[in-house]
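Biologist: I'm new to this one. Can you put it on screen and walk me through it?

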Amino acid sequence: MNKTQTNSIGFSLSSDRVSVIILLIPALIFCTIFIFIPAFWAIVGSFYSYGMTSLNDWKWVGFDNYIKASQDEFFWIALKNNFIIVFASIVLQVGVGTILAAILDRGIKYGKVIFRTIIFTPMVISSVAVSIIWLLIYDPNFGILNNILIAIGLPTPSMGWLGDPDISIWMIMIVAGWQNTGFMMVLILAGLQGVSKEVYDAAEIDGATGVKAFWYITLPMIRNIIIVAILITTIGAFKVFEFVYVLTQGGPSNATQVLGTYIYLQAFNLLHMGYANALSVVLLVIALILGWFQLKASRRA
Amino acid sequence: MSKFKLANIFAYGFVTLFSIYVLLPIIVMILTTFKTRREIFLEPLGLPGQFNFSSFEKALSIGLGGFIFNSFLVSLFSVILIVIISGMAAYVLARIDFRINRYVYLLIVAGFAIPPAAVLVPLYVTVSNLGLLNSIYGVVMPLTAFGIPFTVILFYAFFLDFPREVEEAATIDGCSKMQIFFRIIIPLSGPAIASAAIFQTVWIWNEFLLALIMLTSDEVKTLPLGLMKLRGEWSSDWPSIMAGLTIAILPVLIVFLIFQKYFVRSLAGLGK
């Protein structure tokens, strides 16, 4: 070690090495014990077979858990649903959030704070509570959705909104959109408010106003924020758990299963801990790839 | 001119419709609370005949107060730990050219990307080995770990913009790094601490998956688990379930409405 090495404030590092280590170490200990070591054991454990009652009795099975996953129809449904949620969330949450942000930024004069407050509110309500409220709304007998449709003479789904495998995942998306769109709106609105007024004045001289100005001038200027918004939404889409767990428990017949709920099902209901680890590793790989993109995006921004 | 008016109608129309979509479930929740089970069945779209508070009493009788108290403790302990620990680490990353800093930052970003479900089984085993199953510390510890990476990133950005002159003066006066951090940096970081604390409180107050696997006995359950219990035990007694939800949501909503400026600022900072 070179004792004359200086830090950014300009004095010897070695005299402060101890306090630097003390400041840094708690964060590393917490993340290591509860994130990195468990990630390591998830990978190791995915090559073994063990159950809840035999947590320390591991049986080596090689790649069997991964072969099982590749042949497991419900694993593929879960993975496909996560991707559906990614794309639907980008369109519904980032897309609609951008439109709302643009309207609140320059589209309307009155009520900006009121609209922003209302639309942002769902963000602070627990997803479990949100899902239970929507269970009542979707209820075939007591729910307002069916009763409104019946009142105006429209047909209602015979298996219920959450009981029909063709529509249930979209019903979950309506709830997810209800909770998260306001967050995207606020994020993008912060970016829009950083665009200076001169830019709009210059655009107006060039004949670009309203939607045209937004599309050709504003949007490219907030490109980085949109990328961050898409990344946050994508990462969130792979973390989805509560909406599915409360609204459908992954049903009907596993049609709305996602990786989070399927890992939970395998680990804590079916007690296939080794198999659950293999599924976790799939999620881990996806998460780390997304994390890598996040790092790239934040460096550019 | 008429084109301008049309755009205006569309703009107001769009935000109004979206606001109705957001408000409707909350209105349904509150109105259902005051209805009787008979009214729910016969007139799902009707207003409650009279203000009926019996469902509130029923919801409280199942121990909702205890669940709220547990959530309060879990949030309080986790958020204090997250803010202090993340602040210390971010300060080192932002201010000192330590050789390993680059790798520490990469680890932090990796930690941010990994969701609890990706380490679910080993995390359960870890908490079990620590003897913390069915203890609120069994969720406080892992939640703290999962909250740290994001908060470090948030503080890191804040400290980079922080003026260095004060620290330089303190260094000349002979303060150590620890003294500088606790006596100068912390007192001047109010806005960053508020943002981080607000964001983490919202997340931890509502966290469900880790609580679900770690806390199985009623005495230690947090609010989201308590709400599932209401739902499980009173499957079609919607007025009582909604009363429970109203009790659970209302305090958070009031806090949000009072501090909404800070909430918005906290989350908006994410994009930067």
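Modeller: Start with B:Asn134. This residue sits in the loop between α6 (120–129) and α7 (137–160) of chain B. Keep in mind that the model is predicted.

Biologist: What is phi of B:Asn134 near?

Modeller: Phi is near 60° there, a positive value in a residue other than glycine. Most residues other than glycine have a negative phi.

Biologist: Is B:Asn134 buried, exposed or partly exposed?

Modeller: B:Asn134 is partly exposed, because its relative accessible area is 31%.

Biologist: Which residue in chain A has a positive phi?

Modeller: A:Ser253 is one, with phi near 40°, and it is not a glycine. A:Ser253 lies in the loop between α11 and α12 of chain A. Its relative accessible area is 64%, so A:Ser253 counts as exposed.

Biologist: Where does A:Pro252 lie?

Modeller: A:Pro252 is in the loop between α11 (242–247) and α12 (259–269) of chain A. The peptide bond from A:Gly251 to A:Pro252 is cis, with omega near -5°. Most peptide bonds are trans.

Biologist: New topic, confidence. What is the mean pLDDT of chain B?

Modeller: The mean is 87, and 96% of the residues in chain B reach 70 or more. Helix α11 (residues 209–214) of chain B has the highest confidence in the chain, at 97. The lowest is in helix α14 (residues 260–268) of chain B, at a mean of 72.

Biologist: And what does chain A average?

Modeller: Chain A averages a pLDDT of 88, with 93% of its residues scoring at least 70. Residues 1–12 of chain A have a pLDDT below 50. That stretch still has 27 contacts in the model, beyond near neighbours in sequence.

Biologist: Which domains does chain A have?

Modeller: Chain A is divided into domain 1 (16–60) and domain 2 (73–300). Their C-alpha centres lie 31 Å apart. In the contact, eleven residues come from domain 1 of chain A and nine residues from domain 2 of chain A.

Biologist: What about the domains of chain B?

Modeller: The domain assignment gives domain 1 (2–52) and domain 2 (63–234 + 254–271) for chain B. The C-alpha centres of those two lie 36 Å apart.

Biologist: Let's pick a residue. Where is B:Met88 found?

Modeller: B:Met88 is in helix α4 of chain B. With a relative accessible area of 9%, B:Met88 is buried.

Biologist: What does B:Met88 touch?

Modeller: Leaving out residues up to four places away in sequence, B:Met88 touches A:Ile22, A:Leu23, A:Pro26, B:Phe181 and B:Phe182. B:Met88 and B:Ile185 are 97 residues apart in sequence. In space, those two are 9.7 Å apart, C-alpha to C-alpha.

Biologist: Which residues line the largest cavity?

Modeller: From chain A, the lining includes A:Val124, A:Ile125, A:Ser126 and A:Ala129. From chain B, it includes B:Trp205, B:Leu223, B:Ala248 and B:Val252. Three helices of chain B, α10 (190–206), α12 (223–233) and α13 (238–258), each supply at least two lining residues. By class, the lining has ten nonpolar, two polar and no charged residues.

Biologist: And the second largest cavity, how much space lies in it?

Modeller: About 60 Å³. Its lining includes B:Ser71, B:Val74, B:Leu143, B:Trp205 and B:Glu207. α4 (64–95) and α10 of chain B each give two or more residues to that lining. α4(B) gives the most, with three residues. The classes are five nonpolar, three polar and one charged.

Technical notes:
Residues numbered from 1 in each chain as written. Chains lettered and ligands numbered in written order. Predicted model: local features only at pLDDT ≥ 70, side-chain atom pairs only at ≥ 80, totals over all residues. Heavy atoms only, no water. Domains from an automatic or database assignment. 1 Å grid on protein atoms, 1.4 Å probe; cavity = no way out; pocket = protein on both sides within 12 Å on 5 of 7 lines; lining within 4 Å. Helix = DSSP H or I, 4+ residues; strand = E, 2+ residues; numbered from the N terminus. Nonpolar A, V, L, I, M, F, W, Y, C, P; charged D, E, K, R; others polar. Points joined across faces, edges and corners; volume = space filled by probe spheres on them. pLDDT = per-residue confidence, 0-100. Contact = heavy atoms within 4.5 Å. Buried < 20%, exposed > 50% of the residue type's maximum accessible area, 1.4 Å probe, protein only.
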